[in-house]
Protein chains: 2
Amino acid sequence: MTENNWTVGIDIGATKIEVAGIDRNGNVLHHIRRKTNTGSSAEAIESGTADAVRELMRTIGTRPVAAGVGMAGQIDPLQGVVVFSPNLDWHNVPLRKGLAAKLGMPVAVTNDVRAATWGEWLYGAGRGYDDMVCVFVGTGIGGGVVSHGAMLTGCSNTAGEIGHITIDINGPVCTCRNKGCLEALAGGWAIARDAQNAVADNPVAGTAMLELADGDPKNITAKVVAMAAQKGDALALQLVERVSGALVAGAVSLVHAFNPCLLVFGGGVIEGLPGLVGSIDYGIRSRALGAAIINLKVVRSQLHSHAGVIGAAAFANHSFRDKGDTV
Amino acid sequence: MTENNWTVGIDIGATKIEVAGIDRNGNVLHHIRRKTNTGSSAEAIESGTADAVRELMRTIGTRPVAAGVGMAGQIDPLQGVVVFSPNLDWHNVPLRKGLAAKLGMPVAVTNDVRAATWGEWLYGAGRGYDDMVCVFVGTGIGGGVVSHGAMLTGCSNTAGEIGHITIDINGPVCTCRNKGCLEALAGGWAIARDAQNAVADNPVAGTAMLELADGDPKNITAKVVAMAAQKGDALALQLVERVSGALVAGAVSLVHAFNPCLLVFGGGVIEGLPGLVGSIDYGIRSRALGAAIINLKVVRSQLHSHAGVIGAAAFANHSFRDKGDTV
C-alpha cells in the first residue's frame, strides 16, 4: 500500500463516533468505534475524534489523502461549519477548521444523509448513474438527489429534505411543526407512534407486539413492528401496509419531481423490512405517470453497517480529489 | 436589424397556433395567431405553421437564426419528436424534422411548460438565478426546475411533473388515475369540480357564481370562481382558500425537494387570482424548514400573454446558440 490511496471516513452520531479507513473502491480497511460523550464540549469531541484517526493511521501504517465527516444536522459544507446539530446541541461549530488543524490534512464536512448518498453514488447501488434519488428511512427520513451527474445542493444546501415533503395535507403533525410530512407517516418515530396507539386501542390484537416490547406499550418501536410483521402478526402487517402506502406516495412525488433513473431505499426501517422495497416498486408502477418510469429502477441501498463512514469518505474524495480519479 | 439576431417562437395549442419573432432580449418583434384546425393531419398543421413562419419572416424582413416549438404533451427533445400530444391526438410525430425541412432552419421542440420555464429563466422572473422552480397553474399544473444553473430533464425528460406530486394521500382521483395529486386539488379543472359541487350543495351561497355562469352550474369554471372571489363572494373565497392551502402544501414539498432560491408562480389560475402568490409565500414561511427558505423568494411569472412563444424561442436559443451568447 502506497501513501495517499485511502481516505478517512468519520461518522459522528448521537451514540457513537465511527472512524474508518476507506480505499479507493469504497472498501473498509479498518474501523474504530467509540461512544459519543454527549456531555462533552465540541472541542473535546473533536479531540477524541482526532485521537481515533491517529490510531487508525497507526494501524493502517500510511497517511490518508483527506478526511470526510458526516453528521446529522444543518451543515455549511463550503465553510465546514456545523450550523446546528440537534443530537449534540452544537451551534456554529467550525468542525473542518478544528479537525484539519489537529490532523494536518484536508477535511470535508457534510450532512450524514448527504454523505450516505455520496456513498451509494460512488461505491454502492448508484454507481454509474447520473440521475438518482436516495431515500433513507430511519427514525426520521432523509435523502439525497443526483441529477445530471451532480449532487443537488440547492440555494442553502438543503436540497433533498425529502422527509418533509407533504403527502397528507390533513395528516398528523410532524416534528418540524408542519402537517402530513412523509416522515410523519413513515419515519421510525411515526411508525412507533401509530403502533403504540393501535396497541392501546386493541391490546388483544397487539399481543405479539406487546410481548416483544416486554409488556410496555411505550417500548414499542419501529423495530418491534418490523419483527412482529416478519412473524406474520396481523396488526403489525396492517401498520406496515400503511407505511408502504405513505412511502409509495412519497416515492411517486419524487419520481415526478426528479424523474430519476434509480430510486434507492435504505435506512433502519428498510433494513428491518426489506420487503418494503418490492411493494414500493409495485406501488410506484401502478400510480406514477408512465413516461416518468420508463427507465426507473427501484432498489435497496448496498452500503449497510458502514454506510456512514464510507459516505463521509466518498464526500471527501469528491471534495479533494480529481473527480475522474475516483468515480 | 441584421440577420440572425432573432428567433422564431412557436406555440402549438389545442385552440390556436401562435408564431412570433423574438429578439435576443426576449421581446416580441411581431406575432401571428391562427386557429388550430384540430381535425387536420399533423402534416397539414406543420404546413400551416410553416406558412405562418414565412409570413412572419416577410414582415420582419430578415431570416431568424432558428425556431423553437412548445406544445403540450410528451416530447422527446433530443429527437424533436412529439411522442404523444393529447390535445391533437398526435403519436410519434417527427415535428422537428418536418418543420426543419419546410423552413430550412434548425428547429427545437419541447413541452409547453418546459418552454415557459425557459422563458422565465432567460427573459422573465428567473433572470440570473441558478436555482429556480416554476409552477404553472392552469387547467392542469405543470412546471420546470433549474438547479445548479441547468434545466433538469431527468431520466426520461419528465423532471418537473409537479402537478402530479401527491399532497393528499386520501384525496380525490386525478386525471392521471392516482389520488390526491396537487393538480387534483388546485388545478383549474379541480377548482371547477369543487365549485360545481359546492354550488350544488348550497345554491343560495352559490348565487354569485351561478349568475356569472349564466345560471348553469356546469358553466362554473376556475375563472368564474376567481371573478366571484375578486368581488368578495364568501363561497368563492372559501374555495380559493382551499386552493391556496393545496398550493402551499405543494410548494413546501418543492422547497424541500429542490431548495430553490426562487419560486415562480404563473398560469391562468394565478393570473385570475394574483393575490394567491402572497398567501402561498406566507404559507411556505409558516410551514417550511427554516434552513430551506433562508434565501427563498416567491414571485409571479413575468411573461404573460406571450409566454408560450417567448419560451419556445428561449429553448431554441439554448439549443442552438452558444449559451454565453444568450443568457
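User: How many Å apart do the C-alpha centres of domain 1 and domain 2 of chain A lie?
Analyst: In this predicted model, the domain assignment of chain A gives domain 1 as 6-119 + 306-326 and domain 2 as 125-300. Taken between their C-alpha centres, the separation of domain 1 and domain 2 of chain A is 27 Å.

User: Which helix gives the largest share of the side of domain 1 of chain A that touches domain 2 of chain A?
Analyst: The contact takes 8 residues from domain 1 of chain A and 8 residues from domain 2 of chain A. On the domain 1 side, the residues divide into 5 nonpolar, 1 polar and 2 charged. The largest share of that side, 5 residues, comes from residues 112-123 of chain A, helix H3.

User: Which residue in S2(A) stands opposite Ile10(A)?
Analyst: Strand S1 (residues 6-12) and strand S2 (residues 16-23) of chain A run antiparallel and are joined by 7 bridges. Across this pair, the residue opposite Ile10(A) is Val19(A).

User: What is the bridge partner of Val146(B) in S11(B)?
Analyst: Chain B has an open sheet of 5 strands in the order S11-S10-S9-S12-S13, with mixed pairing. Its edge strands are S11 (150-151) and S13 (297-300) of chain B. Strand S10 (residues 141-147) of chain B pairs with S11(B) in the antiparallel sense over 2 bridges. In S11(B), the partner of Val146(B) is Met151(B).

User: Which helix of chain B lies across S12 and S13 of chain B, running at about 165° to S13(B)?
Analyst: Helix H3 (residues 112-123) of chain B lies across strand S9 (132-137), S10, S11 and strand S12 (262-266) of chain B, at about 45° to S10(B). The helix across S12 and S13 of chain B, at about 165° to S13(B), covers residues 275-287 and is helix H10.

User: Which helix of chain B gives the most to the side that touches chain A?
Analyst: The contact brings together 40 residues of chain B and 40 residues of chain A. On the chain B side, these are 21 nonpolar, 15 polar and 4 charged. With 8 residues, the element of chain B that gives the most is helix H8 (residues 234-258).

User: How are the two copies related?
Analyst: Chain B can be laid on chain A with an RMSD of 0.0 Å by a turn of 180° and a shift of 0.0 Å along the axis. The two copies are therefore related as by a two-fold rotation axis.

User: Over which residues of chain A is the pLDDT below 50?
Analyst: The model scores ipTM 0.93 and pTM 0.93. In chain A the mean pLDDT is 94, and 97% of the residues reach 70 or more. One stretch of chain A has pLDDT below 50, and beyond near neighbours in sequence this stretch has 6 contacts in the model: residues 322-327.

Methods:
Residues are numbered from 1 along each chain as its sequence is written. Chains are lettered from A and ligands numbered from 1 in the order in which they are written. This is a predicted model: local features need pLDDT of at least 70, side-chain atom pairs count only at pLDDT 80 or more; totals for chains, interfaces and linings use all residues. Two strands pair if DSSP finds at least two bridges between them. Helices (H or I, at least four residues) and strands (E, at least two) are DSSP runs, numbered from the N terminus. Two residues are in contact if their C-beta atoms, placed from the backbone, lie within 7 Å. Ala, Val, Leu, Ile, Met, Phe, Trp, Tyr, Cys and Pro count as nonpolar, Asp, Glu, Lys and Arg as charged, and the others, Gly among them, as polar. Domain bounds come from an automatic or database domain assignment. Copies are superposed by least squares on the C-alpha atoms of residues with pLDDT of at least 70 in both. pLDDT is the predictor's confidence in each residue, from 0 to 100. Axes are lines fitted to C-alpha atoms, for helices over the stretch in contact, and angles run from 0 to 180 degrees between N-to-C directions.
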